[in-house]
Amino acid sequence: ISYDANGHKVYASIAYANREPERNNFTDNIGYGNPSPERLLDLEWGYQYQGENWFAGVNFYYMKYVNQFVMTGEKSDIGEALTRNIKDSYRLGAELSAGWSPLSWLSVEGNAALSRNRLHNFKECVESWNGAAVWNTYKSSTIAFSPSAILNGFVDVHFAGFRATWHTNFVSKQYIDNSESDVRSLPCYSQSDLQLRYTSDVTKAAGIKNVTLGLDFNNVFSRHYAASGSTWYGWYTGGQRYQALAYMPMAGFNVMGHLTLKF
């Protein structure tokens, strides 16, 4: 449901979705019980305003999961990672956006996603080399790969067929698994890109309508960061937990050129 008037817009929505287990949720989980469908209730509401040369908006959401599929650290008899239903989990957050065009050839925009993403009563399995697996229970923990803050800022200069866009983003710390361990986490990072475009109309060249030349300057300041990673749950030796961490580093400063022909 939404209401629009004089640049103002308010809205609200409710959605319900189901996700059936995949085949391997049954075949790999033999002996561990049959999985249940994952169910999601999504509530969203927000406000937007569009002025003459600026806009702003906020969107709130609450995503309630029942029986979300989550990796626990368990392995099947052939070493495949198993997933189990976690009865209670949710995502709660706000998405903010704003933009301003003080001049016909200049615009500044930004957006932010702030969230809280939690699992309740998550049971983690840690394999043991010479004995039974060790189980840890977390009353409340953060869902893996769910940063609590993502920020983006854009400055766009455009005149005739030329466009230049500067983009800086920030991603807060995120966890590699569902145990909310600082040891098994990815540090926050920020990096910037610059995109240059020039489009020229062509009317008499083999049916080509226009040509766009572009240059992308990625990670301009050559930041060293990892956007993803993985971990292996190890056994306990002398009461100490063994673990192997792997990070997926992003490229440093790099440049890519491209040519686009539109017919």
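A: One definition comes first: a residue is called buried when its relative accessible area is under 20%, exposed when it is over 50%, and partly exposed in between. Please keep in mind that this is a predicted model.

Q: Is Arg-197 buried, exposed or partly exposed, then?
A: Arg-197 has a relative accessible area of 21%, so the residue is partly exposed.

Q: Which residue forms a salt bridge with Arg-197?
A: The partner is Asp-216, and the closest N and O atoms of the two are 2.8 Å apart. The pair ties together parts that are 19 residues apart in sequence, because Asp-216 belongs to strand β13 (residues 210-218) and Arg-197 to strand β12 (residues 189-201).

Q: And Asp-216, buried or exposed?
A: Asp-216 is buried, because its relative accessibility is 8% and the limit for that class is under 20%.

Q: How many salt bridges are there?
A: The count is eight salt bridges. Among them is the pair of Arg-19 and Glu-38, whose closest N and O atoms are 3.6 Å apart.

Q: What is the distance between Arg-184 and Asp-177?
A: Their closest N and O atoms lie 2.8 Å apart, and the two residues form a salt bridge. Arg-184 counts as buried, with 5% relative accessibility, and Asp-177 is buried too, at 4%.

Q: Changing topic: how many disulfides does the model have?
A: The count is zero disulfides.

Q: What about the cysteines, for instance Cys-125: buried or exposed?
A: Cys-125 is buried, since its relative accessibility is 5%. Cys-188, by contrast, is partly exposed, with a relative accessible area of 45%.

Q: One last topic, the surface. Which residues make the nonpolar patch?
A: Phe-162, Tyr-198, Leu-213, Leu-259, Leu-261 and Phe-263 make a nonpolar surface patch of about 630 Å².

Q: Where is Leu-261 placed?
A: Leu-261 is in strand β16 (residues 254-262). Its relative accessibility is 40%, so Leu-261 counts as partly exposed.

Notes:
Residues numbered from 1 in each chain as written. Predicted model: local features only at pLDDT ≥ 70, side-chain atom pairs only at ≥ 80, totals over all residues. Heavy atoms only, no water. Disulfide = S-S within 2.5 Å. Buried < 20%, exposed > 50% of the residue type's maximum accessible area, 1.4 Å probe, protein only. Salt bridge = Lys/Arg side-chain N within 4 Å of Asp/Glu carboxyl O. Helix = DSSP H or I, 4+ residues; strand = E, 2+ residues; numbered from the N terminus. Patch = residues over 30% accessible without salt bridge, like charges linked within 9 Å, V, L, I, M, F, W, Y side chains within 5 Å. Areas by Shrake-Rupley, 256 points an atom, 1.4 Å probe, with all protein chains shown as cover.
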